[in-house]
Each structure stands twice: as C-alpha cells, then as structure tokens.
Number of protein chains: 2
Amino acid sequence: MDRNAEFRRWKAQCLTKADLSRKGSVDEDVVGLVQLLNGREQFFTTSSCAGRIILLDGGINGFEVQKQNCCWLLVTHKPCVKDDVMVALKKADGDAILKFEPLVLHVQCRQLQDAQLLHSVAMDSGFRNSGITVGKRGKTMLAVRSTHGLEVPLSQKGKLMVTEEYIDFLLKIANQKMEENKKRIERFYNCLQHALEKESVTTDSQPKEKFRAKNNSPHTHKKKRNPEKARGKYITEENDKGLENDDNDDPGIGATIFPEDY
Amino acid sequence: MDRNAEFRRWKAQCLTKADLSRKGSVDEDVVGLVQLLNGREQFFTTSSCAGRIILLDGGINGFEVQKQNCCWLLVTHKPCVKDDVMVALKKADGDAILKFEPLVLHVQCRQLQDAQLLHSVAMDSGFRNSGITVGKRGKTMLAVRSTHGLEVPLSQKGKLMVTEEYIDFLLKIANQKMEENKKRIERFYNCLQHALEKESVTTDSQPKEKFRAKNNSPHTHKKKRNPEKARGKYITEENDKGLENDDNDDPGIGATIFPEDY
C-alpha cells in the first residue's frame, strides 16, 4: 500500500474509534485547533488536553506521582478557586499534589516535512518542549508541549502542609498560567492557519471534498449541543512544501546549560 | 560538501568552542553520558544539565518565570537541605520559586535514524518527554527531557508564604526526585552503551581512532583534577542501523487525554 493510502487508512481508523479518555470528549479550548488539524489531509490528532489544574492524591512512589494509581480529587480546565480545592483536599488521605499542566497535543503527520511545519509553528507559539517522534514503519508524530507548569505538594499522609492563604496565592498563579496557556493555544491556531494558507497558495489546488464526520464518542461525559464538537470537518488539499525550523531558533543549539526551551 | 563531512565539521566546531553556560563545565553526573555520545561519530552534545534544584527570585511575568530575568538565589546538582534554602530566601525580595528540573540533554545526530535510536533509548530510560527536531539543512537534534519536576512558589514580594516545616518537606521530595533522576541517567547510559554495542556487532568494523580532546573550557568555574572532565574521547565507528521506537510504546498513540509521557 502506498504511503498516502496507508496514512489515510490510519487516519480513518483513528478518527472513527471511541474516545477512551476519562473525559470522553475533546476539551472546549482545543476543539478549534483539533478540527483545523483533522481537516487537513496530512494531519490527524491522536490525543489532546487543553490544559488543566488537577489535584492528585496518592502515595508518592519514591519520586513521581503515578497518575494512573492516584485518586483524582479535582480536575478543571477553567479557573479554580480556593474553596474548590479545600473541599477536594478533605478527601485526601495521602500525599496530595496540585498541578497545572499546559496544552498537550499529539498529532500524527503524513510525512516528516509536515511534522516540521507543525513543529515550527508550535515552537513559535510558545510550546517550546515540542518534539517529533518517528517510529517503525515511518509513523511520524508531533508532540506539542510546553514548559510553564506547576507541581506543588500540599499534604503529607493526609495532613495539610500549607495554609489556606497559600492555596489562594497558588491558585492565582495557576489561573494566570491557565490564561496564558489559552492565549498560546489561540496563537498556535492563528499561526497554523496562516502557515497552512501560505502553503495552499503555493501549491496546485486539488478538488476539495467536504464532509462532516459523526461524533463517535460513546463515552462522552458532557454532551453539548455544538456541531463543532464533531470529530472532524475534512477539507482535502495537497501540500508540497513544509516550513522548517530556522536553525537559529533550534532549541539547544549552542553550548549552554540553559537552552531556551528548558 | 557531503553530509558526513558537513556533520564532522559541525561537530568539530561545536566541541572546540568555549562552554558558554553559567557554570562553564559539564555537570559531573552527566559527564559519562556526554563522553559516550561525543565518542561516537554520529552524535555530539550541544547542551546538557544533569538535573538541579534551583531557587529563583523574580517578578512573575504574568505566568512564567523568565529565567534570564530572574535572580538565581540557589543552584545545586546535589541534595539540598532546608538551611541552604532559608539562607537563600533571605535575599529574595520578589516572588521566589523553588524548582526541581531533571536531566536535559541536546544531542545533534548525523541522520534521522541515529536520532531515532537515541530517542528510543531515552524513552525506555524514563525520559518520556524527549523529542526530535529537524531543522533547515537537515540539522537533526534530539532533546532528552523528562516530566518529573517540581515548581513551587514560595514567596510573594519577598514575603514567605510557607513554613520552614513545609520547605523541609518539599526538599525531601526534591531530593528524592534528584535521586531518581540520577538513576535514570545511569539507566540511559547503560541502555545506550548496550544499544551502540549491539549496532557495532552488526556492522563492518572500521579502523578505530582514539584521541583525547583538550578541555577547552576557559570559563570553568570549578576546576577539578579529573581527566574525565576532558570534553571528549573519540572512538570512531560506523553505525548503519538505528533502533526505532516500537509503535506500541509511541507516546500519544490512542485517543486518550492522558498520554503516557504526559
């Protein structure tokens, strides 16, 4: 099977299967970006999280909170207030940790130059920990990641180690990070749209197909009446040229201990 | 100039120039790994940090501490005790933040399959946020990164927002993370050595050259009498085959909001 056909098959398989995440649907703040990507022949998203504030309770396994083994006391993709956290903390009997996690997005790309274009846009938008994976059989994935997180232990064996005043202070910072994260997502969307339009102008146009995929999310927690929640709107266009990272902005070039994207 | 010659030129340029990091030398815990990589034709390191606990003081710019604009109150690559932090905090007049940052390593690779091999080893060793960048002119870089950090705001406009007891608790966690980070570096070293040996066995051997590069670090803060501090010991070998990521372990494959490497 040729490369393009194989990619189309992978894409179709991925976008028609059930959303197996805990939430069961794409986060609101990243729906537009996911749709923009899935609407292009050369991309499809395999996982996404718009960014969240979470409170985890679990034994700290020596060094790292094991998400899967933790109790999720609180998850929000919106600004969080102290009372929400205080209520959630009452349920904690282990080592509770509050985290802010920015956007994470995984995009499978048809070929390396597509991943390079997307990588470049992601970096320019502030997602400085983004990187490409090339697997067996040529599966090419871009992981879009950022650095600006928070990870704050709050309690030890159920005993709260900080004051309410501190939690209030911490949440203000977390909410600011959430807000900045949202701006970066918008920047990413706009830059990507611009980059893709620029590519389209320079290539021969092909007949365009439009169709709206069904929302195949049987596990969706929150069903919203929003046609944009559909898994994808496909517009097929050929794209020949990929934008590449400017070497001068390549993370890590140069013998310094503090690379820009760290 | 052919690709191999160009890469050799980039490598020679990089490894002979001054170390422009604040510290001015390679961290002790990562020297072995850096040497192992620089001793192979197909790799050279462009930046590294073994992992550290840092205390930063600076205006939080809306959401993100700007490292370059902060005052560095404390930096250590070794376990840290409460008194060190309390002394450093006395100098803080802004918003002090304590961070644990694990290994970061940037390695330029001769070709994509070399980056894939290294990426695979890094992922298997626990550095789950690693990723490849391919720039213009084919410059291929692997960034080795991990997730298990800490980022904890401690003071606001110079006012300490937590107790000494909390700082003690926090540092125990940070030190545990430092310890696990060190184990991961060792695992990475061993897995890499094994992977490279496995490759050598399957390829035709070439005449080996050994030489010890001078330590060209005019800005070295701490000069230690340790020949292993030399920038590199070169053993040239040809490597044809690159190990690739097993797709089943590819981060992010699958429609889940919580990819394994997040």
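Author: H4(B) is mostly covered, with 10 of its 13 residues buried. This is a predicted model, in which local features need pLDDT of at least 70, side-chain atom pairs count only at pLDDT 80 or more, and totals for chains, interfaces and linings use all residues. Residues are numbered from 1 along each chain as its sequence is written, and side-chain values use heavy atoms, with hydrogens and water left out.

Reader: What makes residues of H4(B) count as buried?

Author: Buried means under 20% relative accessible area, with a 1.4 Å probe and protein chains only; the residues of H4(B) that are buried include B:Leu117, B:Leu118 and B:Val121.

Reader: Why are H3(B) and H5(B) called oblique to each other?

Author: The axes of H3 (residues 82-89) and H5 (residues 164-202) of chain B come within 9 Å and cross at roughly 125°. Angles under 35 degrees count as roughly parallel, over 145 as roughly antiparallel, 65 to 115 as roughly perpendicular and the rest as oblique, and H3(B) and H5(B) are therefore oblique.

Reader: Which residues of H3(B) and H5(B) meet?

Author: With contact meaning heavy atoms within 4.5 Å, B:Lys82, B:Val85, B:Met86 and B:Leu89 in H3(B) meet B:Glu164, B:Ile167, B:Asp168 and B:Leu171 in H5(B).

Reader: How do H4(B) and H5(B) pack, and at what angle?

Author: H4(B) and H5(B) pack at about 145°, with their axes 9 Å apart. Residues of this contact include B:Leu117 and B:Val121 of H4(B) and B:Phe188 and B:Leu192 of H5(B).

Definitions and conventions
Chains lettered and ligands numbered in written order. Axes fitted to C-alpha atoms, helices over the stretch in contact; angles between N-to-C directions. Helix = DSSP H or I, 4+ residues; strand = E, 2+ residues; numbered from the N terminus. Buried < 20%, exposed > 50% of the residue type's maximum accessible area, 1.4 Å probe, protein only.
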